[in-house]
2 protein chains.
Amino acid sequence: MSEGWNEADLLGLLTHGPSIGSGPGLAMVEIGPGDDAAVVELQENRYSICADLITENVHFDLEYFPLRAVGFKAIAVNISDLAAMSSTPLFATVTIAAPKSLDLLDLLAGIKSAAETYGIAVIGGDLSASNTLTVSVTAFGINNRSAMLRSCALAGETIMVTGPLGGSQAGLKVLQSGQPQNEMETSLANRHLFPVARVREGEALGRIGTRAAIDISDGLLIDLWRLCDASGVGFDLSEVPIAAGATLDDALSGGEDYELLFTTDDPQLVARTFSEEGLLPPTTIGRIVADVGSRTLYGELCTPKGYLH
Amino acid sequence: MSEGWNEADLLGLLTHGPSIGSGPGLAMVEIGPGDDAAVVELQENRYSICADLITENVHFDLEYFPLRAVGFKAIAVNISDLAAMSSTPLFATVTIAAPKSLDLLDLLAGIKSAAETYGIAVIGGDLSASNTLTVSVTAFGINNRSAMLRSCALAGETIMVTGPLGGSQAGLKVLQSGQPQNEMETSLANRHLFPVARVREGEALGRIGTRAAIDISDGLLIDLWRLCDASGVGFDLSEVPIAAGATLDDALSGGEDYELLFTTDDPQLVARTFSEEGLLPPTTIGRIVADVGSRTLYGELCTPKGYLH
């Protein structure tokens, strides 16, 4: 381990393995590390809990990333994890390590804006000086219904996503090359800076009994790969909805779209439910196959692409 | 705000003010930011939640601070906050931002060791590369009894602490000057590296109805100051228990001792309860007075000393 590490190696210790520790809390853990959020069973009620951090020069560059967006996004990426569990967001804690020279009011305004957007209470936090800006959020949501897990996809199910992909990556490229020049570029940039977590979609999916879902944070292929690994299945990807202004590669591997990817045996029920609830229509992108080694894009075997922090 | 910030200015936005945000979670917040942990009322059950981070070159220097201790301490300081609420620890989430060159196995071993020491389940986390090592923990505990608050100290009550103070600061000085040379220096260094959170003391205090407490993280004077500010009272400090090997200044201002400071109208009941439960005897250090401006040490007016990150 001394030559460095990558996320895949080490996340296992905190995020793939069994919950570490002991005591009465351990017995209350229904779903431990490895899904979008943990689920703890507290007497009659079930809650999902997740933790994600974003850090300077890895997740954002302050040259083009406003502090307000840092605060907003730190919350939103956690809310997206709750949405992928069909959990209704309730609370969050926020810790900030930041250079003393930074004006944090914009960062805090972004946190407040996200808390209002997603209807959550920020119930605690901590702040420290540091050389590098890091914002860490732990979010809590209630599950009145079964949680949607990465491990529950079944062969024959239809794979759907809640919206077109690649917009966030295209927006990142706009930001890296300077100011947005027109309405579409502004819209793409905002997609990257102020991601939309699909809370109502996650709630609706849980209500109609959807069992498998993941949010697309690292890229369609890599996140679908993770879901299929967890479920012991393969996939046949026949359609990739590309956001206006994005490329196929952005859509497959860009990441940070925070759309929900889910599987269902009744895509028409999903479409009807989304329509009834005034949600954007979901898109069918392929189907789950039984052979765990059979993972195809447009009929060709593929490998996951995406970025690992 | 553009010339820099200090913790006192900005923590208010996340940790002194009302919970920010909206939605159903807000109505479940019984105690929001500003105490050692938040308390949320989830139907019949009450939980405390707190979040603290530790970061390189502010809270520790990797020159003398082993990674195992970084992991242990990140958990322990949060458990100490729960103890100060009389909350029994259940779960934690952990996020780590770390340079790629660091061998994180020791850090994770420290986290695991603390989770076992305090009987908690680590239920989720995140890991990212960063220039600076930052470990952020959110901890959750259950309150079967009323939480002990900073705001509930009453004039006439006796002020007590769970143990002698200054050992952590003395240990820091040992570490900064090289390797410990004898058993006492090793013990002081360990006091700094592997702090003991007073969970059983906090539980016992809550059971006998203790209403006001704080954990000593930034220093006796500054933490007592905070408790008295929150309660609108003053204090008369007549005794300062100094850890063997430490100075009076270490005890007053060193911080990171993680002993509990609490107030009581029945110090004998506290002493008897601690004795019955096999806990170390608590020490009376003074009493709470009604005049909020009367804050004295050995009969002289004093000001808070301690460090703010």
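I began with the sheet in chain B of this predicted model. Seven strands make up this open sheet, and their order is β9-β11-β8-β12-β10-β13-β14, with mixed pairing. I then looked for the edges: β9 (212-215) and β14 (300-301) of chain B each pair on one side only.

Next I took one pair from inside that order. Strand β8 (residues 158-161) and strand β11 (residues 260-264) of chain B run antiparallel and are joined by 4 bridges. In this pair I found B:V161 opposite B:L261 of β11(B).

I also checked what lies across the sheet. Helix α8 (residues 220-231) of chain B lies across β9, β10 (234-237), β11 and β13 (295-297) of that chain. I noted its angle to β9(B) as about 145 degrees.

B:L261 came up again when I turned to the nonpolar core. Which residues touch the most other members of the largest nonpolar core? They are A:I75, A:L261, B:I75 and B:L261, and this core has 185 residues. As a general note, nonpolar side chains tend to be buried together in soluble globular proteins.

Last, I looked up totals for chain A. I counted 10 helices and 14 strands in chain A. Of the 309 residues in chain A, 59% are buried. For contacts in chain A with a separation of 6 or more, I noted that 81% come from residues 24 or more positions apart.

How values were computed
Residues numbered from 1 in each chain as written. Chains lettered and ligands numbered in written order. Predicted model: local features only at pLDDT ≥ 70, side-chain atom pairs only at ≥ 80, totals over all residues. Core = buried A, V, L, I, M, F, W, Y, C linked by C-beta atoms within 7 Å. Buried ≥ 20, exposed ≤ 12 C-beta atoms within 10 Å, placed from the backbone. Pairing = 2+ DSSP bridges. Helix = DSSP H or I, 4+ residues; strand = E, 2+ residues; numbered from the N terminus. Contact = placed C-beta atoms within 7 Å. Axes fitted to C-alpha atoms, helices over the stretch in contact; angles between N-to-C directions.
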